[in-house]
Amino acid sequence: MSIHDRIQIRVEQDGLSAWLSIAAGLPLSADALRECLADARVVARIDDEAVAVAVAALANEAAGAEECCIARGRPALDATADTLELQEAIGPLPGALQEDESFDYREQRLIVPVKEGDELGRIVPGTPGTPGFTVFGAELAALPATPLEFVHGDGIARDDQGCLRAARSGARTLKKDGSLDVVALHIHPDGVDLASGNLATEGSLRIARDVAEGMSVRAGVDLEIRGTVDAARVESGGSIEIRGGVIGAGVGRVRARGDLK
């Protein structure tokens, strides 16, 4: 009877584990087990405790109780990419929960008002990959991470620790080219309504069309509205120019610290 008739080594297809089963037969020594492992080319991460149990089982003629793992490799850990974590998500959002626990669908944060020096977020470093190995001792290469593609304008400064800060006061906005920026003048090419949500910036703001009833617009510097303001709240830290006129009603108001035209 061959030692291989009694000692059977089964290696998983991925090479990450080897399993031992013992059939009934004549007693065998630890040398026989080592010979079978060598024949199966199992040389790495052999479990000493499992070997001791197997040697004790081979000392008698009975079959082993059950198949056991005699060696276990280590899978490769692929590298993870850097990630962008923003203080506020890129809008528009579906709305915002208010202090009274109501949900305001007008607060969509299409643009985010920021002051110079405000922290906008950070680049969180990924982790390097760790190679693995099979029970045959072969190395398993870790896959590299896909580089983070984060494009931003000169309104955002990034330091050596990956912290992102506003380089000027204005509105944090996502440009048409996909880059994130802080702009001193934000140009909104449409009206302000439930589709856009309320707009606020610490810089200047230009709105191409009307401001609908119940909406809110705030600019830290100058504000230009090329349409009509219809019972909306309009505020500016500088001048306000409204080309289409104002319809006053309800809670609507227009307030400027500078000139009002």
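These legends describe close-up views of a predicted model. Local features need pLDDT of at least 70, side-chain atom pairs count only at pLDDT 80 or more, and totals for chains, interfaces and linings use all residues. Residues are numbered from 1 along each chain as its sequence is written, and side-chain values use heavy atoms, with hydrogens and water left out.

View 1. Helix α3 spans residues 48-58, and its buried residues are A50, A54 and L58. (Buried is under 20% relative accessible area, exposed is over 50%, and partly exposed is in between, with a 1.4 Å probe and protein chains only. (The arc is taken from the directions from the helix axis to the C-beta atoms.) An α-helix has 3.6 residues a turn, so residues three or four places apart point the same way. The other side of α3 has D48, E49 and V53 exposed.

**View 2. Packing and capping of α3.** The buried residues of α3 pack against α1 (3-6), β1 (7-11), β2 (17-22), α2 (30-39) and β3 (68-72). (Contact means heavy atoms within 4.5 Å.) The N-terminal end of α3 is capped by D47. A side-chain oxygen of D47 lies 2.9 Å from the backbone nitrogen of E49. (A polar contact is a pair of N or O atoms within 3.5 Å; within protein, one must be able to donate a hydrogen and the other to accept it, and residues adjacent in sequence count only if both atoms are side-chain atoms.)

**View 3. The largest pocket.** Its volume is about 400 Å³. (On a 1 Å grid over the protein atoms alone, a pocket is an open set of points where a 1.4 Å probe fits, with protein on both sides within 12 Å along at least five of seven lines; lining residues have an atom within 4 Å of a point. Grid points are joined across faces, edges and corners, and a volume is the space filled by probe spheres set on the points.) The largest pocket has 15 lining residues, with T173, L174, K175, H186 and I187 nearest its centre. Strand β15 gives the largest share of this lining, four residues. β13 (170-174) and β15 (185-188) each supply at least two.

**View 4. Buried T201 in strand β16.** T201 belongs to strand β16. T201 counts as buried because its relative accessibility is 0%. A polar atom of the T201 side chain lies 3.3 Å from the backbone oxygen of G170. The backbone nitrogen of G203 lies 2.9 Å from a polar atom of that side chain. Beyond neighbours within four places in sequence, T201 contacts I111, P113, G170, A171, R218, A219 and G220.

View 5. Most residues other than glycine have a negative phi, and most peptide bonds are trans. The G91 to P92 peptide bond is cis, with omega near 5°. P92 lies in the loop between β4 (83-86) and β5 (96-97). R41, in the loop between α2 and α3, has a positive phi near 65°. R41 is exposed, with a relative accessible area of 51%. A231 has a positive phi near 50° and lies in the loop between β20 (229-230) and β21. A231 is buried, at a relative accessible area of 6%.
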